[in-house]
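Grab a pencil and work through a few exercises on the structure shown here. Each one has a task and then a solution in steps.

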Amino acid sequence: MSAERRTEQSGRLALNRSTFVKLVVVACVMFGFGYALVPVYRQVCEVLGINVLTQKDGTVERPANTQVDLARTITVELDGNAQGPWRFRPTQRSIDVHPGEMATVIYEVVNTQARTVKAQAIPSYAPQSATPHFKKVECFCFKEQVLGPNEARQMPVVFFIDPALPREVKNITLSYTFFEIGGAVAKNE
């Protein structure tokens, strides 16, 4: 091998080593930057007061709902009517709530048949003036229910009463009629 060619190879080898060392340094710097990013991010967020998940002393207080009218109490009477092959009833007869306060009640249904049935619940309210003020967040009445043979199920209703409810309304009756709906029930349901 000629001297010129050996010099060229040793120059490439030196260049390759130099490039390799630079890449290792860049990789280490990138790893260090990524590793340090989390505590830096936390510090920046804490200083700016954004994205704070917990208070500094470790306690978290639930904020008070300023929409709740503690000066008023409304009695919500619960009723259930069954039109079909089941037993349907609320697990409690009534509940006292303050306007603006979230409340949860449970209705229970039992399919008394040895077949799968599809059903729907329709709510009604008394007095009628309470209807626009009764706000349901979660309800089994929002969708059809498929009940297997002899299945029992407890279904929640999460609601609040709008504080704009007329002051003369002290009692509201929430009644559901649970009835079977037509159509074939799919096997995978």
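**Exercise 1. Locate Asn150 and decide whether it is buried or exposed.**

Start with its place: Asn150 sits in the loop between β7 and β8 (152–161). Strands here are DSSP runs (E, at least two residues), helices are too (H or I, at least four), and both are numbered from the N terminus. Before going on, keep in mind that this is a predicted model, where local features need pLDDT of at least 70, side-chain atom pairs count only at pLDDT 80 or more, and totals for chains, interfaces and linings use all residues. Residues are numbered from 1 along each chain as its sequence is written, and side-chain values use heavy atoms, with hydrogens and water left out.

Next, the cut-offs: buried means under 20% relative accessible area, exposed means over 50%, and partly exposed is in between (1.4 Å probe, protein chains only). Asn150 has 52% relative accessibility, so it counts as exposed. One last thing to spot is the backbone: Asn150 isn't a glycine, yet its phi is positive, about 55°.

**Exercise 2. Work out how the rings of Phe88 and Phe140 are arranged, then do it again for Phe140 and Tyr176.**

First, the rule: rings of Phe, Tyr and Trp (its six-membered ring) pair if their centres lie within 6.5 Å; planes under 30 degrees apart are stacked, over 60 edge-to-face, and the rest tilted. The structure holds nine aromatic pairs. For Phe88 and Phe140, the centres are 6.0 Å apart and the planes are at 70°, so call this pair edge-to-face. Phe88 belongs to strand β2 (residues 86–90) and Phe140 to the loop between β6 (134–139) and β7 (145–147), so the pair ties together parts 52 residues apart in sequence. Both Phe88 and Phe140 are buried.

Now the second pair: the rings of Phe140 and Tyr176 have centres 4.9 Å apart and planes at 45°, so this one is tilted. Here Phe140, in the loop between β6 and β7, is linked to Tyr176 in strand β9 (residues 171–180), 36 residues apart. Zooming out, ring pairs link Trp86, Phe88, Tyr107, Phe140, Tyr176 and Phe178 into a cluster.

**Exercise 3. Find the salt-bridge partner of Lys118 and say where each residue lies.**

The background is simple: side chains of opposite charge can pair when their charged atoms come close. The test is a side-chain nitrogen of Lys or Arg within 4 Å of a carboxyl oxygen of Asp or Glu. Lys118 passes with Glu144, their closest N and O atoms being 3.9 Å apart. Lys118 is in strand β5 and Glu144 in the loop between β6 and β7, 26 residues apart. Lys118 counts as buried at 13% relative accessibility, while Glu144 counts as partly exposed at 43%. By this rule the count comes to six salt bridges.

**Exercise 4. Describe the surroundings of Gln120.**

Begin with the strand: Gln120 is in β5 (residues 117–126). With 14% relative accessibility, Gln120 counts as buried. Then list its contacts (heavy atoms within 4.5 Å): leaving out residues up to four places away in sequence, Gln120 touches Cys141, Lys143, Glu144, Thr177, Phe178, Phe179 and Ile181. Finally, the side chain of Gln120 reaches the backbone nitrogen of Glu144 at 3.4 Å.

Conventions. A polar contact is a pair of N or O atoms within 3.5 Å; within protein, one must be able to donate a hydrogen and the other to accept it, and residues adjacent in sequence count only if both atoms are side-chain atoms.
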